[in-house]
Amino acid sequence: MNQLPAPFSEYDRTALTKDALKKGFLDNLYFMLGKFPSVATHTDYYLALAYTVRDRMLHRWISTASTYTDQGARTVCYLSAEFLMGPHLGNNLINMGIYGEAREMVEELGLDLDELMAREEEPGLGNGGLGRLAACFIDSMATLEVPSIGYGIRYEFGIFEQTIVNGWQVEKTDKWLKYGNPWEIARPEWTQEIKLGGHTERYTDEEGRLRIRWVPAKIVNGIPYDTPILGYNNNTGNTLRLWKSEAPESFDFETFNRGDYYGAVNKKVISENISKVLYPNDEQMSGKELRLEQQYFFVSCSLRDMLRILQQQKLPLSRFHEKYAVQLNDTHPAIAVAELMRLLVDEYLLSWEDAWDITQRTFAYTNHTLLPEALEQWPLSLFEKVLPRHLEIIYEINDRFLEEVRMRFFGDEARVARLSLINEGGSRYVRMAHLACVGSHAINGVAELHSELLKQDVLKDFYELWPEKFQNKTNGVTPRRWMVLSNPKLSHLISEQIGCEWVCDLDQLSKLEPLAEDAGFRKAWWEVKRANKEQFSRFIVNRTGVLVDPDSMFDFQVKRIHEYKRQHLSVLHIIALYRQLKDNPNMDIPPRTFLFGGKAAPGYHMAKRIIKLITSVGDIINRDPGIRDQIKVVFVPNFNVTTGQKIYPAADLSEQISTAGKEASGTGNMKFSMNGALTIGTLDGANVEIREEVGAENFFLFGLTTEEVYRLKAEGYRPYDYYQNNAQLKDVIDLIQHGFFSHGNGELFKDLIDALLYHDPYCLFADFASYVECQQTVSEAFRDRDQWTRMSILNAARTGKFSSDRSIQQYCDDIWKVQPVPITLMT
C-alpha cells in the first residue's frame, strides 16, 4: 500500500461509497495519525479506519442532537455502572450499512478487514450480563429511534484480562486505552463539580426558611466523554456519556516548590482513583468507600448534566420528569433518588413535596438479582462519612415512608422493620434496593419467573404495598451484534431465504420454520454450523494449544464463574463420563468437546477453585490415550464480547444449568439459541420462556423446579445422603478427593468438595442424577444429525421474543412513555 491522500472534498467526509471511504481512510492515516504506508502498523490502519467511520457517524450524531434539542424530546436516561460495549468498529459498519464497502476498500489497499478489527482493544467496562444488557439496550434504543443517553463511568482499567497459569486464573490489568479511543469525544466544557465527605450546616435563607448546606471534605470534577451509538439502517445517533474523575487542580505549584513532589500531584491521584478501575475489591473498608464514591460520582454527574440540558432547552424545572425517564439499572445507581432530592431541595429550593413528586415520577428501577447478598447495603458509618447530606435525606424519606406503612398495615411493626430503608438488625445499613423501590414509579424484573419470585420473596413486602408498581420486562439481546456481525454465514443464509427485514424485526425468523422440513436447507444450515466450528477450532488451538474435532459436539458453558451457575455440576458429569470410558473403552458415544469460559471475581476463592478443577480435569482427560479423543475439555481464557462473538455461532449445545430460582434471566442462553444451539437447562431465569418459545421437544430439561428447591431446603436438605446413595456420584467425588486430578494432592479441592458434601447450597447433588440422565438423551439426539439440525433451525426460528428491540419497545410503552423521533440528516 503506497497511496497518499487524494485532494479532499468536504462532501467526501460524509459519503458512504467505497471511493469516499478510501479517500477518508488515507486522509486520516496521514493527517490524524501522522503516518504514511511504509511506516504504518496494523494498529495505525485500524485507527485510520475507525476515524473514517466516525466522521460519517458524526453526521448522524449531530443531526440527532440538533433534532432532540429543537423538539425538546422526551429522553430516556439509562444509568448503569456497567456498559460492556464490545469492539465498536464492526458493529458501526453493520449499523451504517457499509460493512461490504469497507471490506472491499481495505482489500484494494492490500489489507484485511478482519485483521484490522482484531486490533481494536475491547473496552471491558462491565463484569458480565448487566453491562452487556445495557449495551444491547442502547443499541436497540437507537435502532427504534428512541431519544436516549446512556450514563456511566469511563473506567481507566476495566474488567481484568484473564490468563490461565498452571490451571489457575491470573488477573492482568486491562489497558484498553493504551492506543487511545477513536470513538469518543471529550466534553470538558460540560464538566461537573462533585462533592464528597465533610459535614452539613443549618442556615436560614433570605425568606426566613431553614435550609441545609453541605460543606464537603473534597471536590472532584467529572469530565464527560461521549461515544455515538448508531441505530441500524436509520439516521439516529444517540449518546453514551461516560464520566472520568479529575482533580479541580491537578498540580500544586506551591507544594512542589517546597520540595514535596509527591504531594504536588497527590490530589490528582486521589481524585482520579474514582474512575480508575471497575469494581475495586471491596473486602476492605477502603474498597467499599471507593465503590460508594464511584456510584455517587457518576449518578451526580449525570443528574447535573440532565439539569444542564433542561436549562439549555429552556424547559422549566417542574417538567424534569416530563423531559426525562430515568432507568436505574440495578441498585448501583439507586443513590440517584437521594441525589435528585438534594439537588431539587437544597440547590433549586423546591419544597420537599414538589421535589418528591418529581423524583418518584422520574425514576424506574430494574432489579437484576434473586441473591439477597447482591442487594447492596452500605454501613451507616461509611455512608455518613462519604455522603452526610444524603443520609439525612434518606432518614427523612424513610420517616415519611414508614408513616405511610404504619397507616396501611396498622400494628405490623415487623413489616415496618422489613420495609425500612435502614436495616436495624445488628450493624446498621442503608438498603439501596429499598431506596430504589420507594423512589421509583415502576419496578421490574427481567424474566417472567424472576419477576414472580421478586413479588413472592425478595421484594414481597413492597409488592403487597404497591402491586401496581411491579412489571416484568424479559431481557433481550441485539441481533445486529449477536447474529449479523458474529455469524455472517448464517445471517447470509437466512437473508437469502426470508429477506433482510429480520435484522430489526426478529419475529420474522419464524418464516424459517417451514424450511426445517426442507432437506436442502437443513444441509446448508449444517454446513454453516460446520464451517463455524472449523473456524473456532483454529481459534482454540491458537489460544490454548488443544486440538479439537469440529465433528464432535461443541458443548459450551460460558458465563461468569459462580457457584449458583454450577459449572462444577458439568465437571461432575464429565468425570462420570470419563469413568465410564475407562471402565468400558469400547463404549460408543458421540465425540464431545466440553468448552468452558468465564471469569471469577478476584476475591472469590471458591469460583477460582472451580476454574482450577475444570483445567485439572481437562489436563488429565486430554492426555489420556485410552479415551481416544472421544471427549475433550477446554477452558477458553479471557471470555469477553470478542470471544463470545466466536463462540455463539460455533455451539451445538448451550449449558444453562443454574439452580432453579437463582438466575434472574441470563442472556447468553438467548445468544446461543438464536444462533441455532440447543439448550440443556433447568427451569430457571429466561430458560422457562426459551423452552416455551422453542418447544419442550427442542429443549433438554432436567432438575428440580424452584418450588421443589424451596421444599427440599425447608425439609432439611442433606447432600451427604445423595453422595452415599448414588454410586456414580460417590465414585466421582472420591476421584477428586483422592487427588486423581491433582497429582495425588487430596487437599487441593477439599474446600470445594466439603462445601458440596456438607452444605451444597445450590443443590448440585440433588440434581446430579437428573442431569446425567438428560445428558445421555443429548448424546442420543446428536447421533441423528438430520434431526438435530431440524431442532437447531427451530430454535433459531422461534427466538424472535428475545430481541432487545422487543424489550425496549415494552419499556417505552409501559414504563417510559417515550415516542420515537425520526431523524433527517442535516445538509
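This is a predicted model: local features need pLDDT of at least 70, side-chain atom pairs count only at pLDDT 80 or more; totals for chains, interfaces and linings use all residues.
Mentor: Strands (E, at least two residues) and helices (H or I, at least four) are DSSP runs, numbered from the N terminus. Two strands pair if DSSP finds at least two bridges between them.

Trainee: Which residue of β19 is the bridge partner of F554?

Mentor: T593 is the partner of F554. From β18 the chain crosses through α22 to β19, a right-handed β-α-β crossover. Right-handed means that, with the strands pointing away from the viewer, the path from the first strand over the helix to the second runs clockwise.

Trainee: Which residue of β21 is the bridge partner of F556?

Mentor: That is S654. β21 (residues 653-656) runs parallel to β18, joined by 2 bridges.

Trainee: How do I read the two faces of β18?

Mentor: In a regular strand the side chains alternate between the two faces of the sheet. Here M553, D555 and Q557 lie on one side, and F554, F556 and V558 on the other; all are buried. Buried means under 20% relative accessible area, exposed over 50%, partly exposed in between (1.4 Å probe, protein chains only).

Trainee: Is R566 buried or exposed?

Mentor: Buried, at 0% relative accessible area. R566 sits in the loop between β18 (553-558) and α22 (567-583). Its phi is positive, near 65°, and R566 is not a glycine.

Trainee: Where is H743?

Mentor: In the loop between α29 (727-737) and α30 (750-758). H743 has a positive phi of about 55°. At 73% relative accessibility, H743 is exposed.

Mentor: Residues are numbered from 1 along each chain as its sequence is written, and side-chain values use heavy atoms, without hydrogens or water. Local features need pLDDT of at least 70, side-chain atom pairs count only at pLDDT 80 or more, and totals for chains, interfaces and linings use all residues.
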